[in-house]
Amino acid sequence: MRVEDVMTKDVSFCNPGTSDAAAAEMMWTQDCGVLPVLEDSGRVVGMVTDRDLFIALGTTIIRDVSERRQIEDQLRAVQEKYIHELELRNREAEHANKLKTEFLSNMSHELRSPLHTVIGFAELLAEETEGPLSEKQKRFLTHIQDDPRYLLDIINDLLDLSKIEAGRLELRHEAFDIVPVMEDALSSVRPRATAKSVEIRSHMSVSVAVIADRLRFKQILHNLLSNGVKFTPDGGKVRVEAAPRDRFAEISVSDTGIGIPEDQHRAVFDKFYQVRSATKDGGGTGLGLAIWKLLHVHDSAGAIS
Amino acid sequence: MKRVLVADDKAPGRELLRTVLEQSGHAVYEASDGIEALRGSREFLPDLIILDLHMPVLDGFGVLQELKRDQRFAATPIVALTASAMQGDRERALTAGFTSYIAKPISLSALRGEIERFLNVD
């Protein structure tokens with residue numbers, strides 16, 4: 001395009017626009033190497049060649065690239081700082097968790113040692129090999145023997161809970177018949193039930209086979225049964241049933257105790273949670289069902305309600 | 001009558017074991033730390049060694065390691081006794097070479113059963 005051609009064209013047609021890219025685009029579509037630069041009035045104030053544009057565009061691209069590189073560098077620095085911080089936090093959390101485990105291990109050890117001697121010597125006295133005891137002394141001794149066992153249960157519960165939370169509890173699945181395991185769990189709560197004249201009735205199918213962790217199964221059942229006995233008033237009943245249902249075994253424990261208000265059905269599975277009236281009646285730590293819930297999270301083969 | 005070495009840094013723990021063992025007619029040698037347990041084992045040459053794992057100076061694992069170097073104890077049952085109950089403790093003790101692992105607290109009948117298991121085999 002020559003200067004004469006420019007002068008005869010419409011203003012809007014020839015203006016290269018305000019950006020390098022727009023001017024280049026116009027040259028490309030019009031297939032010419034030069035464009036006039038016009039004032040608002042339409043007066044030509046100069047010419048732009050494709051060479052000028054090439055240099056301008058090149059500079060822009062170089063500027064853009066270096067800007068982008070700068071932004072990327074900044075981003076990377078932020079990212080690295082973030083990752084570093086995250087690693088630091090992780091390490092701190094791991095350290096804290098390790099300390100917690102060590103503390104629990106030490107505490108459990110420190111509590112078990114004296115319990116061992118209390119339980120042992122009480123048992124020695126009860127055997128009366130060191131001399132006969134009066135009825136009253138025997139009764140006192142029974143009290144001395146009961147509480148350490150209860151303490152031991154609490155320590156074991158706390159230890160289990162922390163093991164599960166730390167993901168250190170391994171479940172060992174095996175196929176077994178639940179009936180003998182249930183008999184076992186029943187016999188462990190019977191003394192307490194008898195002492196309160198709480199009747200335990202069990203209805204079990206001849207044999208119900210499951211695949212589960214036998215020890216934890218028994219622990220859950222024991223917790224449910226001892227809760228049943230604990231919160232059932234003297235002379236009440238606890239009923240336990242087991243039967244195969246679909247591909248599962250359904251086990252239910254019910255009692256004639258105070259029951260759990262409907263609005264607290266979820267909360268009873270939180271650790272340390274106890275239904276308000278239970279705290280003063282039955283004692284306990286409120287850990288039994290929480291252990292169940294955590295076990296359930298780790299092994300989704302069961303359900304409890 | 002068999003000879004049993006009992007190592008525990010706590011006196012009541014030692015007396016409990018001594019009482020149970022003497023009731024069954026066994027002779028008891030007491031040690032209150034790992035070094036005493038080693039010295040006692042070498043002098044007394046017991047038929048059964050019961051070691052608490054947590055002891056000052058030298059712990060149960062340390063005593064076991066020393067005893068394992070001594071041919072005279074090659075056939076002596078060495079039982080770990082501990083109040084620690086973390087998962088993996090039992091495995092660690094058995095892997096280290098203890099013949100058996102007793103977790104405190106333990107009922108007397110279970111304790112007697114465990115002791116006789118090692119003393120009756122001749």
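In chain A, helix α6 (residues 178-195) and helix α7 (residues 214-230) cross at roughly 30 degrees, and their axes come within 9 Å. This is a predicted model, where local features need pLDDT of at least 70, side-chain atom pairs count only at pLDDT 80 or more, and totals for chains, interfaces and linings use all residues. Residues are numbered from 1 along each chain as its sequence is written, while chains are lettered from A and ligands numbered from 1 in the order in which they are written.

**Confidence**
- The model scores ipTM 0.89 and pTM 0.59.
- Chain B averages a pLDDT of 91, and 96% of its residues score at least 70. pLDDT is the predictor's confidence in each residue, from 0 to 100.
- Where pLDDT is low, the predicted coordinates should not be read in detail.

**Helices α6 and α7 of chain A**
- Axes are lines fitted to C-alpha atoms, for helices over the stretch in contact, and angles run from 0 to 180 degrees between N-to-C directions.
- Helices (H or I, at least four residues) and strands (E, at least two) are DSSP runs, numbered from the N terminus.
- α6(A) and α7(A) are therefore roughly parallel to each other. Angles under 35 degrees count as roughly parallel, over 145 as roughly antiparallel, 65 to 115 as roughly perpendicular and the rest as oblique.
- The crossing of α6(A) and α7(A) is right-handed.
- Residues of α6(A), including A:V181, A:L186 and A:V189, meet residues of α7(A), including A:F217, A:L221 and A:L225. Contact requires C-beta atoms, placed from the backbone, to lie within 7 Å.
- By class, this contact of α6(A) with α7(A) has ten nonpolar, three polar and four charged residues. Ala, Val, Leu, Ile, Met, Phe, Trp, Tyr, Cys and Pro count as nonpolar, Asp, Glu, Lys and Arg as charged, and the others, Gly among them, as polar.

**Helices α3 and α4 of chain A**
- Helix α3 (residues 20-30) and helix α4 (residues 50-126) of chain A pack at an angle of about 140 degrees, with axes 10 Å apart.
- α3(A) and α4(A) are therefore oblique to each other.
- Their crossing is left-handed.
- A:D20, A:A21, A:A23, A:A24 and A:M27 in α3(A) meet A:D50, A:L53, A:A56, A:L57 and A:T60 in α4(A).
- The contact of α3(A) with α4(A) has seven nonpolar, one polar and two charged residues.

**Where chain A touches chain B**
- 19 residues of chain A are in contact with 16 residues of chain B.
- On the chain A side, α4 and α5 (135-165) each supply at least two residues.
- α4(A) gives the most to that side, with 13 residues.
- The side of chain A that touches chain B has seven nonpolar, eight polar and four charged residues.

- Most residues other than glycine have a negative phi, and most peptide bonds are trans.
- A:E128 is not a glycine, yet has a positive phi of about 60 degrees. A:E128 is in the loop between α4 and α5 of chain A.
- A:E128 is exposed, with 12 other C-beta atoms within 10 Å. A residue is buried if 20 or more other C-beta atoms, placed from the backbone, lie within 10 Å of its own, exposed if 12 or fewer, and partly exposed in between.
- B:L45 has a positive phi of about 40 degrees although it is not a glycine. B:L45 is in the loop between α2 (34-44) and β3 (48-52) of chain B.
- B:L45 counts as partly exposed, with 13 C-beta neighbours inside 10 Å.
- The peptide bond from B:K104 to B:P105 is cis, with omega near -5 degrees. B:P105 is in the loop between β5 (100-103) and α5 (108-119) of chain B.

Technical notes. Left-handed = near helix turned anticlockwise from the far one by under 90°. Contact = placed C-beta atoms within 7 Å.
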